[in-house]
Amino acid sequence: MVAIFNFESMVTLILLSICTCAYIRSFFPSLLDKHKTGFLGIFWKFARVGERLSPYVSLACIILGLKIMFFS
């Protein structure tokens, strides 16, 4: 099933994208900062969300990981 049609897969995909973009931006900021608009601007926005809301994103990752480990 495509991740867009399954809510849990979509949330997993979004959380992993946010975490990955924030991690990449911490080591290579110029890689994402030069694409603030357009289609590639989505990744810059994911990185900003990951930086500003990191406690909430990490809590969501922990909850999702526990759900996958114990309830799937």
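**Before starting**

The model is predicted, so local features are described where pLDDT is at least 70 and side-chain atom pairs where pLDDT is 80 or more, whereas totals for chains, interfaces and linings use all residues. Residues are numbered from 1 along each chain as its sequence is written, and side-chain values rest on heavy atoms, with hydrogens and water left out.

**Stop 1: the whole chain**

Helices (H or I, at least four residues) and strands (E, at least two) are DSSP runs, numbered from the N terminus. Along the principal axes, the C-alpha atoms fill a box of roughly 40 × 25 × 15 Å.

Of the 72 residues, 19% count as buried. Buried means under 20% relative accessible area, exposed means over 50%, and partly exposed lies in between (1.4 Å probe, protein chains only).

Contacts, meaning heavy atoms within 4.5 Å, can also be considered for the chain as a whole. Among those between residues at least 6 apart in sequence, 52% join residues at least 24 apart.

**Stop 2: the two annotated segments**

Residues 12-32 are 95% helix and 0% strand, with the end C-alpha atoms 21 Å apart. Residues 53-71 are 95% helix and 0% strand, with the end C-alpha atoms 26 Å apart.

**Stop 3: the aromatic pairs**

A pair of aromatic rings is described by the distance of the centres and the angle of the planes. Rings of Phe, Tyr and Trp (its six-membered ring) pair if their centres lie within 6.5 Å; planes under 30 degrees apart count as stacked, over 60 as edge-to-face, and the rest as tilted. The count by this rule is 2 aromatic pairs.

Y23 and F27 form an edge-to-face pair, 5.0 Å from centre to centre with 70° between the planes. These residues are separated by about one helical turn, because they lie 4 residues apart in helix α1 (residues 7-27). Y23 is exposed at 54% relative accessibility, and F27 is exposed at 53%.

F39 and F43 also form an edge-to-face pair, with 6.3 Å between centres and 85° between planes. Here F39 is exposed, at 63%, while F43 is partly exposed, at 30%.

**Stop 4**

For C19, the nearest cysteine sulfur is that of C61, 3.5 Å away. C19 is partly exposed, at 30% relative accessibility. C61 is likewise in no disulfide, and C61 is partly exposed, at 27%.

**Stop 5**

Select R25, in helix α1. Is R25 buried or exposed? R25 is buried, with a relative accessible area of 16%. Leaving aside residues up to four places away in sequence, R25 touches L32, D33, W44, A47, R48 and E51.

Now display the side chain of E51 beside that of R25. A polar contact of 2.6 Å joins these two side chains. A polar contact is a pair of N or O atoms within 3.5 Å; within protein, one must be able to donate a hydrogen and the other to accept it, and residues adjacent in sequence count only if both atoms are side-chain atoms.

**Stop 4: two distances to draw**

Select S9, in helix α1, which is partly exposed at 29%.

Finally, select G65 in helix α4 (residues 54-71). G65 is partly exposed, at 27% relative accessibility. A line from G65 to T12 spans 9.2 Å, C-alpha to C-alpha, between residues 53 apart in sequence.

Definitions and conventions:
A disulfide is a pair of cysteine sulfur atoms within 2.5 Å.
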